[in-house]
Amino acid sequence: MNLILLGPPGAGKGTQASRLMKERGLVQLSTGDMLRAAVAAGTPVGLQAKAVMESGGLVSDEIVNGILSERLDQDDARAGFILDGYPRTDVQAHALDAMLAAKGLTLDHVVELVVDEDALVERITGRFTCGACGEGYHDRFKQPRVADVCDACGASNFKRRADDNEATVRQRMAEYRAKTAPIIPHYDGRGIVARVDGMADMDAVASAIDGVLGG
Ligand code: AP5
């Protein structure tokens, strides 16, 4: 099964993708994670992407299409994948069609998480992750069971993203409205788009997505 999770920053794409990965054995393909890894490693792609990401803008279609195409060629993607944060522009949506056709892959579902943007600012500015294993937390919605200790791996080095401040979040949302939301009609005619209430609690969102994916 191959699917796209769509929704503005903070809609819960990463949260649900990571759950689906654990529960269904699908691979999470997050272009944001790939770009952050490139920034951390100081690669040429990372050097180009860093300032754009910190400003809340979108990295060029050329760069993102390139890293996604390479990632799709890795063997694990054949078991089924979740695209998290891609495609984000009309150019990327068309590039994805061409990539999938060339690789003999198809899309089964596009799940749009429908959310209230004002509530998302609190979600994003409050989130943090374990620096050792990547487990996600939130100041208000999901604290570690023991203060300052990761539930999943016991490490104590939590981190916050450089682009998770309110001004940058507002810019990321503006980019979503201007460039990403308009690509949804690209998929509407294929009968594979489902809309899920992303404002419900995490378990309810998970159940609604499971209802769409079936089995
Ligand atoms: P990216 O990493 O993709 O970030 P994003 O789309 O802004 O999405 P987020 O990761 O912020 O949110 P999410 O929807 O995954 O929410 P999460 O599950 O974490 O992109 C970052 C940057 O990289 C972009 O700005 C751009 O510069 C660049 N980039 C990436 N892809 C690109 C592309 N294709 N083209 C060009 N540039 C690209 O949830 C958020 C918080 O809310 C968490 O704390 C979570 O615990 C909590 N939460 C989740 N669900 C719920 C719920 N139901 N109720 C309460 N809390 C919840």
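In strand β7, the bridge partner of T129 is K159. This is a predicted model, in which local features need pLDDT of at least 70 and side-chain atom pairs count only at pLDDT 80 or more, while totals for chains, interfaces and linings use all residues. Residues are numbered from 1 along each chain as its sequence is written, and side-chain values use heavy atoms, leaving out hydrogens and water.

The elements named here are DSSP runs numbered from the N terminus (helices: H or I, at least four residues; strands: E, at least two). Two strands are said to pair if DSSP finds at least two bridges between them. Strands of a sheet pair through backbone hydrogen bonds, either parallel or antiparallel.

**The antiparallel sheet**

An open sheet of 3 strands has the order β6-β5-β7, with antiparallel pairing. Because β6 and β7 (158–159) stand at the edges with a single partner strand each, one side of each has no neighbour in the sheet. Strand β5 (residues 127–130) is joined to β7 by 2 bridges, and the two run antiparallel. C130 stands opposite F158 in β7. On the β6 side, β5 is held by 3 bridges, again in the antiparallel sense. There, F128 has Y137 in β6 as its bridge partner. β5 and β6 form a hairpin with 5 residues between them, and G134 in its turn has a positive phi of about 90°.

**The parallel sheet**

A further open sheet has 5 strands in the order β2-β3-β1-β4-β8, and its pairing is parallel. Its edge strands, β2 (27–30) and β8 (193–197), each pair on one side only. From one strand to the next, the twist averages 25° (axes are lines fitted to C-alpha atoms, with angles from 0 to 180 degrees between N-to-C directions). Strand β1 (residues 3–6) and strand β3 (residues 81–84) pair in the parallel sense over 3 bridges, and L5 stands opposite D84 in β3.

D84 also takes part in a side-chain contact. Q28, found in strand β2, makes a polar contact through its side chain with the side chain of D84, at 2.9 Å. A polar contact is a pair of N or O atoms within 3.5 Å; within protein, one must be able to donate a hydrogen and the other to accept it, and residues adjacent in sequence count only if both atoms are side-chain atoms. Q28 counts as buried because its relative accessibility is 18%, where buried means under 20%, exposed over 50% and partly exposed in between (1.4 Å probe, protein chains only). E112 belongs to strand β4 (residues 109–114) and likewise counts as buried, at 13% relative accessibility. The side chain of E112 makes a polar contact with that of R195 at 2.7 Å.

**The ligand and its shell**

| Protein atom | Ligand atom | Distance |
|---|---|---|
| A11, polar backbone atom | oxygen | 3.2 Å |
| T31, polar side-chain atom | nitrogen | 2.8 Å |
| R161, polar side-chain atom | oxygen | 3.0 Å |

Taken alone, the ligand exposes 1,000 Å², and the protein buries 94% of that (Shrake-Rupley method, 1.4 Å probe). The elements giving two or more residues to the shell around the ligand are α1 (13–24), α2 (31–41), β6 (136–138) and α9 (202–213). The largest share, 4 residues, comes from α2. Of the 34 residues around the ligand (a heavy atom within 4 Å), T15, G57, R88, R127 and R172 come nearest. The shell divides into 14 nonpolar, 11 polar and 9 charged residues. In this division, Ala, Val, Leu, Ile, Met, Phe, Trp, Tyr, Cys and Pro count as nonpolar, Asp, Glu, Lys and Arg as charged, and the others, Gly among them, as polar.
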